[in-house]
Amino acid sequence: MSIMHLSFYSAFTLSCLGLAFHRTHLVSALLCLESMMLSLYVALSIWPVENYTTSSTLIPLLMLAFSACEAGTGLAALVASSRTHGSDHLHSLNLLQC
């Protein structure tokens with residue numbers, strides 16, 4: 001395994017661990033999701049270069065577009081929850097009351 005693959009795998013794993021263990025604020029959860037998407041984007045954009053293929057060069061751009069939509073939706077949920085609940089703490093959000 002090269003050092004580049006190790007850095008992508010470690011960035012994705014650390015983002016998953018951050019999402020799993022630091023669930024106090026919605027902002028930190030959204031930041032971990034964005035770092036996961038960034039590491040996936042970099043890995044998918046390097047993959048065609050390593051394999052000398054040009055057929056899958058559109059996939060990283062499509063994933064980047066979905067990542068931007070996910071970020072916009074997450075920020076809208078952050079604003080809506082902070083307006084209704086007064087804070088962005090995840091323990092104040094209850095799905096049974098929605």
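A helix is here a DSSP run of H or I that spans at least four residues, and helices are numbered from the N terminus. By that definition, S15 belongs to helix α1. The model is a predicted one. It has three helices and zero strands, and the order of the elements from the N terminus is α-α-α.

**Overall form**

- The radius of gyration of the protein is 17 Å, well over the 13 Å that the globule rule gives for 98 residues, so the protein is more spread out than a compact globule.
- Along the principal axes, the C-alpha atoms occupy a box of roughly 50 × 25 × 20 Å.
- Of the 98 residues in the protein, 18% are buried.
- Among contacts with a separation of 6 or more, 57% are made by residues 24 or more positions apart.

**Surface**

- The protein exposes about 7,100 Å², and 74% of this area is supplied by carbon and sulfur atoms.
- A nonpolar patch on the surface is formed by M1, I3, M4, L6 and Y9, which together have about 600 Å² of accessible area.
- One of these patch residues, Y9, is placed in helix α1, which covers residues 3-21.

- Is S15 buried or exposed? S15 has a relative accessibility of 7%, and because buried means under 20%, S15 counts as buried.
- Leaving aside residues up to four places away in sequence, S15 touches C32, S35 and M36.
- Zero disulfides are present in the structure.
- C16 takes part in no disulfide, and the nearest cysteine sulfur, which belongs to C32, is 9.0 Å away.
- The relative accessibility of C16 is 31%, so C16 counts as partly exposed.

**Helix α2: L33 and S45**

- Helix α2 comprises residues 26-51 and includes S45; L33 is also located in helix α2.
- L33 has a relative accessibility of 29% and therefore counts as partly exposed.
- Which residues does L33 touch, not counting residues up to four places away in sequence? L33 touches L19 and E70.
- L33 and L61 are separated by 28 residues in sequence, and their C-alpha atoms are 17 Å apart in space.
- S45 and P60 are 15 residues apart along the chain, and the distance between their C-alpha atoms is 5.7 Å.

**The loop between α2 and α3: S56**

- Where is S56 placed? S56 is found in the loop between α2 and α3.
- S56 has a relative accessible area of 8%, so this residue is buried.
- S56 is in contact with W47 and P48, when residues up to four places away in sequence are not counted.
- Between S56 and L44, which are twelve residues apart in sequence, the C-alpha to C-alpha distance is 8.9 Å.

**Helix α3: G72**

- G72 is situated in helix α3, which is made up of residues 59-85.
- G72 counts as partly exposed because its relative accessibility is 40%.
- G72 and C32 are 40 residues apart in sequence, with 15 Å between them in space, C-alpha to C-alpha.

Definitions and conventions:
Residues are numbered from 1 along each chain as its sequence is written. This is a predicted model: local features need pLDDT of at least 70, side-chain atom pairs count only at pLDDT 80 or more; totals for chains, interfaces and linings use all residues. Side-chain values use heavy atoms; hydrogens and water are left out. Helices (H or I, at least four residues) and strands (E, at least two) are DSSP runs, numbered from the N terminus. The radius of gyration is taken over C-alpha atoms; the globule rule is 2.2 Å times the number of residues to the power 0.38. Buried means under 20% relative accessible area, exposed over 50%, partly exposed in between (1.4 Å probe, protein chains only). Contact means heavy atoms within 4.5 Å. Accessible areas come from the Shrake-Rupley method with a 1.4 Å probe; for residues, only the protein chains shown count as cover. Patches are made of residues with over 30% relative accessible area and no salt bridge: like charges are joined within 9 Å, nonpolar side chains (Val, Leu, Ile, Met, Phe, Trp, Tyr) within 5 Å. A salt bridge is a side-chain nitrogen of Lys or Arg within 4 Å of a carboxyl oxygen of Asp or Glu. A disulfide is a pair of cysteine sulfur atoms within 2.5 Å.
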